[in-house]
Each structure stands twice: as C-alpha cells, then as structure tokens.
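Trainee: I am new to this structure. Please take me through some of the terms used for it.

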Amino acid sequence: MSATIMIVDDAAFMRMMLKDILQKNGFNVIGEAENGAVAVEKYKELQPNLTIMDITMPEMDGLQSVKEIRKLDSKARIIMCSAMGQQAMVIEAIQSGAKDFVVKPFQAERVVEAVTKALK
C-alpha cells in the first residue's frame, strides 16, 4: 500500500497542482484542506502518513497548524510549502517539527524528492 498524503493550501489551484504531481508519481492523496483549522480536523479523521502544508493561509496559518498537528501526533510528518522570501517562517516551521519545505512555484522533482525523503 502506498503512503497516504493530505494537501493543505488555501489556493485550490495549488492543491490541484500538488495533487497532480503526487499522483503522477504514484502517491496516494487521501484528503485536502483549505486552511490550517480544517487541516487539523482532517488530520484527526484521515491520519495521513504525510501532510504537505502551505505556510500562509487564512484562519489558521501553517505554522500554527503544524504545532496543533504535532500535539495530536508527535510523529506527524509535515512538509511546508512557501513562497520565496519566507525564510524566517520556514525556519520556524522546521523548528516546530516540519520535516522539509518546498518553494513555490513547485518543481515536480523537488516535491517528489521531499516527499520520498520525509516518508523514509
């Protein structure tokens, strides 16, 4: 059985792009969320092997939801997505327990590399 992945991004287009990259590379996307608050609820329900999450989102941002998810599951594997120029937030996310980060716009090879590494 392949690893299960949840995608979290407030932009439907970004979720679609990520899902496309992941599915073309044999990964199983089991859920999507449009903000951190929804992500925390869906994480409880779906318990994915990996979550790919945007940093900047309405309601609850990626940093806060990483912390909430890690409270629920200290072994949660999370990869952050960020736009250029968000280095400070990326560092904070890694310190909060994120495994890796990918920069937007997504490069398929980098996404697959980060996912493969995080799932080991």
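Trainee: What makes β1 largely enclosed by the rest of the structure?

Mentor: Five of the five residues of β1 are buried, so the strand is largely enclosed. Buried means under 20% relative accessible area, exposed means over 50%, and partly exposed lies in between (1.4 Å probe, protein chains only). This is a predicted model: local features need pLDDT of at least 70, side-chain atom pairs count only at pLDDT 80 or more, and totals for chains, interfaces and linings use all residues. Residues are numbered from 1 along each chain as its sequence is written, and side-chain values use heavy atoms, without hydrogens and water.

Trainee: Which way do the buried residues of β1 point?

Mentor: T4, M6 and V8 point one way, I5 and I7 the other. In a regular strand, side chains alternate between the two faces of the sheet.

Trainee: Why is β1 called a strand, at residues 4-8?

Mentor: Strands are DSSP runs of E, at least two residues; helices are runs of H or I, at least four; both are numbered from the N terminus.

Trainee: How do you know that β1 pairs with β2?

Mentor: Two strands pair if DSSP finds at least two bridges between them. Five bridges join β1 to β2, and they run parallel. I7 stands opposite E32 in β2.

Trainee: How many bridges join β1 to β3?

Mentor: Four, again meeting the pairing rule, and these strands run parallel. V8 has M53 as its bridge partner in β3.

Trainee: Why do β2 and β5 stand at the edges?

Mentor: The open sheet has the order β2-β1-β3-β4-β5. β2 (28-33) and β5 (100-103) each have a single partner strand, so one side of each lacks a neighbour in the sheet.
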